[in-house]
Amino acid sequence: MKKVILGALCLLLLLTFAGCSSQELPLVTVTPVKSGMLDTTAYRSAIEAKETVKITPAISGKVTNLYAEAGKSIQAGDVLFTLDRETIALQVKQAEAGLNAANVAYGNAKASFDSESAVIPAQVACDEAQKRYDQTLALFQQGFESQSQVDAAKAALDTAQAQLQTALRNLRSSVDSAAAQVQSAQAALDLARKSFDNCSVTAPISGEVLSCDLHVGDMVSPQSSPLTLFSPGELLVKIQVSETMISRVSLDMPGEITLSATGAVIPARVSRIAAAVDTATGMVEVELALPTDSIEGVFVGMMTDVRLLDRESRGLIIPEKAVIQEEGGSYVYLFADGQVEKRLIATGDQRNGNVEVTSGLAAGELVVLQSSTPLSEGLLVESIPVE
């Protein structure tokens with residue numbers, strides 16, 4: 001607003017002086033070519049840890065001991081809290097007893113299978129049927145037995161053989177079933193022991209406790225995450241960039257992070273660009289990583305203003321209204337030694353009333369913003385500086 005008012009006053013002065021006398025030189029407002037970067041959008045964000053882990057217990061239970069608190073340093077494998085083990089300890093004992101019983105049953109079935117005691121009667125019956133059939137067939141061939149007697153002996157043999165096979169299958173099945181019962185009992189014991197081990201909730205990473213919403217006596221479940229850990233060595237910020245601007249953003253692009261609390265400015269670089277636009281907001285998530293040597297005194301949760309910088313090097317900037325578009329090119333009028341010079345320039349991005357100059361000007365040169373009269377090459381003028 002101040003710049004608008006100042007510009008209006010300067011223009012009023014130009015018109016006033018122009019009307020005083022035709023003998024006076026034309027007046028122009030001038031401003032120096034500045035070295036800097038185009039104004040960039042500030043994105044509001046907060047410092048985050050690159051590696052953050054929410055701690056979720058694998059089982060439900062009551063907290064019996066708590067060893068963590070917000071801000072405490074921890075090492076991977078440290079116990080954070082424990083759950084009541086009494087009921088689960090009984091389940092372990094029950095599972096151990098079940099496994100012992102299953103092993104006994106399997107041993108009996110295996111011994112019976114090895115001795116074949118369960119199939120001996122069927123085997124004896126099959127042997128006797130085979131013997132009778134052989135005798136009947138021999139007598140038939142000598143003319144002492146009829147065909148019907150041979151057929152009856154053969155049918156008796158087939159029945160005995162089928163019964164033997166059934167006895168063998170049943171014996172094998174009893175062993176397999178007993179073995180399956182052992183496996184099931186072992187799995188039940190493993191599960192009970194795992195639940196017992198899960199009563200101690202440990203840290204999966206080394207770092208610090210970011211938050212701890214937990215007290216002794218609280219009930220927790222796999223649906224809750226009462227504790228959060230983070231690794232303080234790597235920090236970042238996340239910003240939401242509109243889909244119309246995301247084409248300007250690239251990996252490793254430089255940025256600046258200004259801490260709201262202290263005003264400190266920390267350099268950063270784009271480390272990740274989301275692969276898709278959020279259809280609900282039209283925004284793309286972009287992450288900027290802070291260098292590890294610049295994070296002293298920076299804490300997770302600090303509010304920041306984040307700016308993306310189009311280029312790592314600083315360029316030349318002039319007000320957009322100083323540029324004249326004609327003859328297929330961009331021109332400005334420079335003021336030096338009491339006269340103006342028309343010069344061809346090359347421009348880059350335009351933003352927020354400023355334009356980037358890529359060639360044709362040097363820092364500190366004075367460009368004309370406004371004039372009380374049309375300008376031409378070499379015209380003698382008087383200048384009014386404007387910052």
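The following dialogue examines how several descriptions of this predicted model rest on their definitions.

Mentor: Residues are numbered from 1 along each chain as its sequence is written. Because the model is predicted, local features need pLDDT of at least 70 and side-chain atom pairs count only at pLDDT 80 or more, totals for chains, interfaces and linings use all residues, and side-chain values use heavy atoms, with hydrogens and water left out.

Trainee: What is the mean pLDDT of the protein chain, and where is confidence lowest and highest?

Mentor: pLDDT is the predictor's confidence in each residue, from 0 to 100. The mean for the protein chain is 87, and 91% of its residues reach 70 or more. Confidence is lowest in helix α1 (residues 2-20), at a mean of 47, and highest in strand β8 (residues 79-83), at 97. Over residues 1-6 the pLDDT is below 50, and beyond near neighbours in sequence this stretch has one contact in the model, a contact being heavy atoms within 4.5 Å. Residues 17-22 also have pLDDT below 50, with three contacts beyond near neighbours in sequence.

Trainee: What makes a run of residues a helix or a strand?

Mentor: Both are DSSP runs, numbered from the N terminus: helices are H or I with at least four residues, and strands are E with at least two.

Trainee: How do you know that the length of helix α3 agrees with its number of residues?

Mentor: The expected span is 1.5 Å times one less than the number of residues. For the 22 residues of α3 (residues 120-141) this should give 32 Å, and the end C-alpha atoms are 32 Å apart, so the two agree. After α3 comes Gly143, with a positive phi near 90°.

Trainee: Which residues of α3 are buried, and why are they placed on the same side?

Mentor: Buried means under 20% relative accessible area, exposed means over 50%, and partly exposed lies in between (1.4 Å probe, protein chains only). Ala122, Cys126, Ala129, Tyr133 and Thr136 are buried in α3. They cover an arc of only 95° around the axis, which puts them on the same side of α3; the arc is that of the directions from the helix axis to the C-beta atoms. In general, an α-helix has 3.6 residues a turn, so residues three or four places apart point the same way.

Trainee: Why is strand β14 called mostly covered?

Mentor: In β14 (residues 254-259), five of the six residues are buried.

Trainee: What makes β14 a partner of β15 and of β17?

Mentor: Two strands pair if DSSP finds at least two bridges between them. Five bridges join β14 to β15 (residues 265-273), and five join β14 to β17 (residues 303-308), so by the definition both count as pairs. Each pairing is antiparallel. Pro254 has Arg269 as its bridge partner in β15, while Glu256 stands opposite Arg307 in β17. β14 and β15 form a hairpin with five residues between them, and Gly263 in the turn has a positive phi of about 80°.

Trainee: Why are β3 and β4 described as standing at the edges of their sheet?

Mentor: The open sheet has seven strands in the order β3-β17-β14-β15-β16-β13-β4, with antiparallel pairing. β3 (42-46) and β4 (48-49) each have a single partner strand, so one side of each is left without a neighbour in the sheet. Within this sheet, β13 (residues 235-242) and β16 (residues 283-289) pair over seven bridges, and Lys238 stands opposite Glu287 in β16.

Trainee: Which residues form salt bridges with Arg343?

Mentor: Glu341 does so, with the closest N and O atoms 3.4 Å apart, and so does Glu365, at 3.1 Å. Arg343 lies in β21 (residues 339-351) and Glu365 in the loop between β22 (354-359) and β23 (366-371), so this pair ties together parts that are 22 residues apart in sequence. Glu365 is partly exposed at 24%, and Glu341 is partly exposed at 33%. The count of salt bridges by this rule comes to 13.

Note on methods:
A salt bridge is a side-chain nitrogen of Lys or Arg within 4 Å of a carboxyl oxygen of Asp or Glu.
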